[in-house]
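Dear colleague,

Please find below the structure that I am handing over to you. My notes on the packing of its helices and strands follow it.

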Amino acid sequence: MEKGIGIKDMRAFFAIVEEGNISHAAQRLAVAQPALSRQMKHLEEKLHVKLFERGSRRIRLTEAGRLLYGRVESILGMVDGAVREITEIGSGSKGTIRIGTITTSGAMILPDLISSFHQAYPGITFEICEAEGARVLELLDNHLIEIAITRTQVDNLSYESLVLPNEPLVMVMNAKNTCGKDESTVRLKELKGKPIILPLRWKSIFESNCRKVGFEPEVICVSDSVVQDLLLVKMGLGIAMIPISSQKLLTDGDLVYKRLVEPEMTTHTVVSWLKNQTLSTACKNFLDMFKASYID
């Protein structure tokens, strides 16, 4: 960053981009909107570039603005992370644990774990960000979160990680239109001609397996939102693939869950954190509880 551009400018710029407009950013920062607008104008003058595309209701970044946003996100993440590490050293009885997670894993793991942890450490608060796997790891790399929960194998040189045991993938069907002769399983070839709803992360391997058994699948929707996929099945639009643990999200008489076989497909959850980051005591305590609940 050039001389004269400080943390205050970075936080203001970051807030505007995150909120989408100057008015909401001003409320978030507790400053007057005109003052914030002047601050951004001065920032552009310091950098000798245009950061925002004017004229639209929602903030749009120029190419220079997008580059600055990436740098600022990383810098603020490191600054805030350092402050947390310093202030939260001690018993871990107070502080905030920041977690990034994908939907399928976070929804299954976090509610019970956070509930138990809150009983043991009532002074700890949580910030949970839900996104697709690559974005979650990006937030971790930028020190905006301490723990990442994904279904992606991570680089052991950069991350420490805990890997949960494999779990099977199941096909969810509307009870009025099931397929497969067996009550608890469905063979892949029995899905021929059926409308299929798939998460993006398993689309390629699913299609490859279908071709190996002699047919091209009829994929009508690609969606990483498990809840949305379950609702689409409930409405009778197709058959969805989900991890078996996700069936807890929606249980009623309208849905039938069958384990996919011949071939079976599995997945696993990975909990990771940066190797070179000093975790807060609260975060260490949380990981210890996670290990006791799911690994030990």
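At what angle do helix H1 and helix H2 pack, and how far apart are their axes? In this predicted model, H1 (residues 7-19) and H2 (residues 22-29) pack at an angle of about 125 degrees, and their axes lie 8 Å apart. An angle of 65 to 115 degrees would count as roughly perpendicular and one over 145 as roughly antiparallel; H1 and H2 are therefore oblique to each other. The crossing in which H1 passes H2 is right-handed.

On the H1 side, the residues that meet H2 are Arg11, Ala12, Phe14, Ala15, Ile16, Glu18 and Glu19. Their counterparts in H2 are Ile22, His24, Ala25, Arg28 and Leu29. Sorted by class, this contact comprises seven nonpolar residues, one polar residue and four charged residues.

H2 also packs with helix H3 (residues 33-47), at an angle of about 105 degrees and with the axes 9 Å apart. That angle makes H2 roughly perpendicular to H3. Here Ile22, Ser23, Ala25, Ala26 and Leu29 of H2 meet Gln33, Leu36 and Ser37 of H3. The residues of this contact divide into five nonpolar and three polar, with no charged residue.

Five strands form an open sheet with mixed pairing, in the order E4-E3-E5-E14-E6. Its edge strands are E4 (124-130) and E6 (159-163), each of which pairs on one side only. On average, neighbouring strands of this sheet are turned by 25 degrees against each other, direction ignored.

Within the sheet, strand E5 (residues 147-150) and strand E14 (residues 270-274) run antiparallel and are joined by three bridges. In this pair, isoleucine 149 of E5 stands opposite valine 271 in E14.

Which helices pack on the sheet? One is helix H6 (residues 133-141), which touches strand E3 (95-101) as well as E4, E5, E6 and E14. The direction of H6 makes about 165 degrees with that of E5. Another is helix H9 (residues 281-295), which touches E3, E4, E5, E6 and E14. The direction of H9 makes about 50 degrees with that of E3.

With kind regards

Key: Residues numbered from 1 in each chain as written. Predicted model: local features only at pLDDT ≥ 70, side-chain atom pairs only at ≥ 80, totals over all residues. Heavy atoms only, no water. Pairing = 2+ DSSP bridges. Helix = DSSP H or I, 4+ residues; strand = E, 2+ residues; numbered from the N terminus. Axes fitted to C-alpha atoms, helices over the stretch in contact; angles between N-to-C directions. Contact = heavy atoms within 4.5 Å. Parallel < 35°, antiparallel > 145°, perpendicular 65-115°, else oblique. Left-handed = near helix turned anticlockwise from the far one by under 90°. Nonpolar A, V, L, I, M, F, W, Y, C, P; charged D, E, K, R; others polar.
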